[in-house]
Amino acid sequence: TLGWRYRITAPLFACFFTYYFLLEKAHYLNHGYLFCWISWIMALLPAWRSWSVDVWRKPAEFTALIPRWTWAILPFLMGVVYFFGGIAKLNADWLLAAMPLKLWLKSKADLFLIGPLLAQEATAWIMAWTGALFDLSITFLMLNRRTRKFGFAFAIAFHLTNHLVFNIGIFPYLSVALTALFFPPDWPRKFIDYVRRRWAKAERWFQSWQQRLGDIIPAPTAFWQNDFGYRRTLMLSFGALICVHSLLPLRHWWFPDDVAWTEEGHRYAWRMMLRAKQGSGHFIVKNMASGEEERVNPRRDLSAKQARKLWTHPDMILQYAHHLRDRAHAEGKDVAIFVKVKVKLNDGQYHPYIDPAVDLAKVEWSLWETSPWILPEK
């Protein structure tokens, strides 16, 4: 943040945060996924080249000239989040039933002052349609110079509302900060100039900084303007980045069933706050030699959150089944693993979720092939 040893600390942060994010899928959050991308991109940006400890230590590091892509890449990433978040809201539950907002807002009825308002059914409908409109339009509002200020005010109001109503951590603050990057890149300097003109201490600090930089003058041209290899690598990297972020959120359309039910293709698709699911069940470990069956409750091995998430996520159910299989094999037992689960989506009824006749010990998960052992929602 301060720009101290940036070229070392930024990649280290990216490595450590990505490791932390990938460590536990029960804690998956879309904005955690976004943080990973931002941290790796920031590690490649010349973000230390102006107001930083590194420049204070070595004024020769200063430059006022950077490639345009370094300014454009983060707004592009935020635009992807907004746009695909809006596309995901174009479904019957969200637009025609205001689900799951109706369920969530009713549980907020005891909030101070705004609770009774949130409990009104009309509030859920307004927030559902406003949320879809915001996500689909905000990127285009911010790209247009004439509508940019209106769009930014809309973004602040939207994210402030989310912060007040839902517990989604620092995501609203991060979203406002990234949305501000749609403005011309000199606005922070204009803000600093505004502050230093009205605050004598800030003016003295600014002058000391300028004196520190001395007579360093950025070159009128830069190496990337005439380096064909650099520009070719940059264009290929940008093309790959755009393809990944344009195609990966569409992966769930590859599968025939509703992604909100099967979870196939849900992660990394910016499908945010779109469903409320509850489930319960148990595993059956059958000894193939003796025919004995043991009923297993996952809570004996998992944390409370892991056990709660497991029943509504088929890939987690399969992973735990494989854990039971491997543990039995380590004890010299040949077993079959079956599971009986019931799940409900939003305000629906409980339905069987996994085919109880399928031996999950013999099933392997596929990122691209549908899983026939996941029963369709009735």
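## Helices α4 and α8

Helix α4 packs against helix α8 (residues 121-143) at an angle of about 150°, and their axes lie 7 Å apart. Axes are lines fitted to C-alpha atoms, for helices over the stretch in contact, and angles run from 0 to 180 degrees between N-to-C directions. The model is a predicted one, in which local features need pLDDT of at least 70 and side-chain atom pairs count only at pLDDT 80 or more, while totals for chains, interfaces and linings use all residues. Residues are numbered from 1 along each chain as its sequence is written, and side-chain values use heavy atoms, leaving out hydrogens and water.

The crossing of α4 with α8 is left-handed, meaning that the near helix is turned anticlockwise from the far one by less than a right angle. On the α4 side, G79, Y82, F83, G85, G86 and I87 meet F134, D135, L136, I138, T139 and F140 of α8; contact means heavy atoms within 4.5 Å. By class, this contact has seven nonpolar, four polar and one charged residues. Ala, Val, Leu, Ile, Met, Phe, Trp, Tyr, Cys and Pro count as nonpolar, Asp, Glu, Lys and Arg as charged, and the others, Gly among them, as polar.

Helices (H or I, at least four residues) and strands (E, at least two) are DSSP runs, numbered from the N terminus. The expected span of a helix is 1.5 Å times one less than its number of residues. For the 20 residues of α4 (residues 69-88) this gives 28 Å, which agrees with end C-alpha atoms 28 Å apart. Of these 20 residues, 15 are buried (under 20% relative accessible area, with exposed over 50% and partly exposed in between; 1.4 Å probe, protein chains only).

Helix α2 (residues 30-44) has 15 residues and should span 21 Å; its end C-alpha atoms are 22 Å apart, which agrees. Eleven of the 15 are buried, so α2 is largely enclosed by the rest of the structure. Among them are H31, Y33, L34, F35 and I41.

Four strands form an open sheet in the order β2-β1-β3-β4, with antiparallel pairing. The edge strands, β2 (293-296) and β4 (351-352), each pair on one side only. Two bridges join β3 (residues 335-345) to β4; strands pair if DSSP finds at least two bridges between them. K342 stands opposite P352 in β4.

Helix α17 (residues 314-330) packs on the sheet and touches β1, β2 and β3. Its direction makes about 160° with that of β3.

## Residue E263

E263 lies in the loop between α15 (259-262) and β1 (277-287). This residue is buried, with a relative accessible area of 8%. Not counting residues up to four places away in sequence, E263 touches R275, K277, T312, H313, P314 and Y353.
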